[in-house]
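User: I have a structure to study and would like to go through it by question and answer. Please show it here.

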Amino acid sequence: MLQVNYIRENKEYVLQRLAVKNFKQLDLVDVILNLDNRRKSTQLQLDNVSSQSNSMAKTIGELMRDGKKEDAESMKQRSMLLREDIKLLNEELSEIEQQLQNALVLVPNLPHVMVPLGKSAEDNETVISWGTKPDLYEKAVPHWELAAKYDIIDFELGNKITGAGFPVYKGKGARLQRALINYFLDQADAAGYREMQPPILVNEASGFGTGQLPDKEGQMYHIGLDGLYLIPTAEVPITNLYRDVIVKEEDLPIKNAGYTPCFRREAGSYGAHVRGLNRLHQFDKVEIVQIAHPEKSYEVLEEMSLHVQQLLQDLELPYRVLCLCGGDMSFGSALTYDMEVFCAAQAKWLEVSSVSNFETFQSNRLKLRFKGKEGKPQLAHTLNGSALALPRIVASILENNQTEEGIRIPKVLVPYTGFEWIK
RNA sequence: GGUGAGGUGGGUGAGAGGCUGAAACCAACAGUUUGCUAAACUGUCGUACGAGAAAUCGUACCGCGGGUUCGAAUCCCGCCCUCACCGCCA
């Protein structure tokens, strides 16, 4: 959520940046500024009337104490009239504030100056490529066939238990999952992140804080009876740890990481290209989250990007880093890098991580601020990234490392899996 | 799920219709003193919105939302949460 004062002071820039994000409702900016003007003048009126009423009430108290009953009574009468005004002005103010809020949450974050122009994924800019596409042997097959061949992931069984998009990992498949999670967590730990195990159900306030609500309810599983949502990513609970918090400036950056399962309804996103592990309703992910000083947040973003890249290099997976164009970025992000791994049997690039700087977009909703020794609290910047999401990593390892003899486990994972081959 | 107690500033905790944005203590910060550290003393010490060039001033906030009253942290109603005991249970 953008700050109204920022919009007011930088209106032209805001309009220009929103256009980069292909945001169509530019007239919202004027709607917001008008509502805010009304908010201010209404509040001024309300404050004045309240002030009068307060001092009258005080005087009445004094008159009563001095035994001047009649004077007190007549003042009571006058004070009662103010009460009506206060009530009406209060209602008007809440109404305006509500409208203002409703308008503000519709406006996406402003893209950073580095964000390339563009409308869709086609226009994303490749900033880094690493590794070489493997030469597969002749009989190479996509991972869903490998999963069946070696009996390590069972999509049919998942269908029976729950439905499509909820696979069952079996034997070495399950072990590989666990190895990846532990490996990713250990690497995060080594990079200075504190490991967290947050709840995987969150309340509405948390959904709002990170920007899933309102508007994207349809993407989350909702438990109506208790008013809770299954998290689509650990970003939600881990970032919300700092909702309504003022941290010390010297404690920045704050680095937290966590493994959680993630749940996504993926409503309307199914198509022919979605097979096997490519898109699931439930998947595992290690997420890294940082709260950073506004002056340092882009350095932090680069650091996080390098962390993710290191993981991919360690896993020997060829990847590329994309800087997302305005039209392909998420609602709340100011700059996003997507990491894509080349999945050889499908001959496709699969997104395995997304690292973003939200600047103050989330912190404004979260009321997450920092404060130095002097000065007022100010909004911190929040960043997060997947490090990493498992399913497509598993798909890539299976496809890229398949040989006549079986599937080779990347060296760095062997201490975690306890086996070198899936045969 | 039942019963009882309770939710006040960074923390402990007082206040029980007007003198309370809130005592006191602790923590924190700045300073004085002192070889250093410590101690002692002095001062500062919530957030948001608004008005103002600024000093400063106004308003709101004592879990959340309503109500009573000229006036509510304080009384009433609803909700949420925490704790204790009972029940159930990995």
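Analyst: What follows is a set of questions and answers on this predicted model.

User: Which helix gives the most residues to the surface near RNA strand B?

Analyst: Five of the 20 residues around RNA strand B come nearest: Ser51, Ala57, Ile60, Gly61 and Ser79. The elements that give two or more residues to this surface are helix 3 (28-65) and helix 4 (69-104). With 13 residues, the one that gives the most is helix 3.

User: Are helix 3 and helix 4 roughly parallel or roughly antiparallel to each other?

Analyst: The axes of helix 3 and helix 4 come within 8 Å and cross at roughly 160°. An angle over 145 degrees counts as roughly antiparallel. Therefore helix 3 and helix 4 are roughly antiparallel.

User: How many nonpolar residues has the contact of helix 3 with helix 4?

Analyst: Helix 3 passes helix 4 in a left-handed crossing. By class, their contact has ten polar and nine charged residues. The number of nonpolar residues in the contact is 21.

User: How many of the eleven residues of helix 12 are buried?

Analyst: Helix 12 spans residues 390-400 and is mostly covered. Its buried residues include Leu390, Ile393 and Val394, and among them are also Arg392 and Glu399. Of the eleven residues of helix 12, the number buried is eleven.

Key
Residues are numbered from 1 along each chain as its sequence is written. Chains are lettered from A and ligands numbered from 1 in the order in which they are written. This is a predicted model: local features need pLDDT of at least 70, side-chain atom pairs count only at pLDDT 80 or more; totals for chains, interfaces and linings use all residues. A residue is near a molecule or strand if its C-beta atom, placed from the backbone, lies within 6 Å of it. Helices (H or I, at least four residues) and strands (E, at least two) are DSSP runs, numbered from the N terminus. Axes are lines fitted to C-alpha atoms, for helices over the stretch in contact, and angles run from 0 to 180 degrees between N-to-C directions. Angles under 35 degrees count as roughly parallel, over 145 as roughly antiparallel, 65 to 115 as roughly perpendicular and the rest as oblique. A crossing is left-handed if the near helix is turned anticlockwise from the far one by less than a right angle, and right-handed if clockwise. Ala, Val, Leu, Ile, Met, Phe, Trp, Tyr, Cys and Pro count as nonpolar, Asp, Glu, Lys and Arg as charged, and the others, Gly among them, as polar. A residue is buried if 20 or more other C-beta atoms lie within 10 Å of its own, exposed if 12 or fewer, and partly exposed in between; C-beta atoms are placed from the backbone.
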